[in-house]
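The following questions and answers are intended for a reader who is new to this structure. Please consult the sequence and the model alongside them.

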Amino acid sequence: MDFILEALQLAFIGMAVVLSFLTLLMWVVTAIGRLLPPETPPLATPRAVTAVLPATPAIDPGAVAAAIAIAVALFRKGRR
């Protein structure tokens, strides 16, 4: 029974230390926030007009399938 009371006392002390540390940290962050000047948003810069790029040419599905088949064959050949 003595160990349980000692464990509860240690847990309570640990939680009290964490609570006090977090409270102190909150006060410090708030104080620093009041000392520093407020952050101003960046000024809007005019954007340059971008040209529309032409569409890319269509990809041949047959060429893609052939490339995949070659890659699979080389992979299987290398594993042997």
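Q: In which helix does leucine 24 lie?
A: This is a predicted model, in which local features need pLDDT of at least 70, side-chain atom pairs count only at pLDDT 80 or more, and totals for chains, interfaces and linings use all residues. Residues are numbered from 1 along each chain as its sequence is written, and side-chain values use heavy atoms, with hydrogens and water left out. Helices are DSSP runs of H or I with at least four residues, strands are runs of E with at least two, and both are numbered from the N terminus. On that basis, leucine 24 belongs to helix 1.

Q: Is leucine 24 buried, partly exposed or exposed?
A: Buried means under 20% relative accessible area, exposed means over 50%, and partly exposed lies in between, with a 1.4 Å probe and protein chains only. Leucine 24 has a relative accessibility of 49%, and therefore counts as partly exposed.

Q: How far apart in space are leucine 24 and glutamine 9?
A: In sequence, leucine 24 and glutamine 9 are 15 residues apart. From C-alpha to C-alpha, their separation in space is 22 Å.

Q: Why is tryptophan 27 classed as exposed?
A: Tryptophan 27 has its place in helix 1, which covers residues 2-35. It is classed as exposed because its relative accessible area is 58%.

Q: What is the accessible area of the nonpolar patch that includes Leu24 and Trp27?
A: Like charges are joined within 9 Å, and nonpolar side chains (Val, Leu, Ile, Met, Phe, Trp, Tyr) within 5 Å. Accessible areas come from the Shrake-Rupley method with a 1.4 Å probe, and for residues only the protein chains shown count as cover. Leu24, Met26, Trp27, Val28, Ile32 and Leu36 form this surface patch, and their area together is about 640 Å².

Q: Where does alanine 44 lie, and what is its relative accessibility?
A: Alanine 44 is in the loop between helix 1 and helix 2 (61-79). Alanine 44 counts as exposed because its relative accessibility is 79%.

Q: What percentage of the residues in the chain is buried?
A: The chain contains 2 helices and 0 strands. Of its 80 residues, the buried share is 0%.

Q: What radius of gyration does the chain have?
A: The radius is taken over C-alpha atoms, and the globule rule is 2.2 Å times the number of residues to the power 0.38. A compact globule of 80 residues would have a value near 12 Å, but the chain has 33 Å.

Key
Patch = residues over 30% accessible without salt bridge, like charges linked within 9 Å, V, L, I, M, F, W, Y side chains within 5 Å. Salt bridge = Lys/Arg side-chain N within 4 Å of Asp/Glu carboxyl O.
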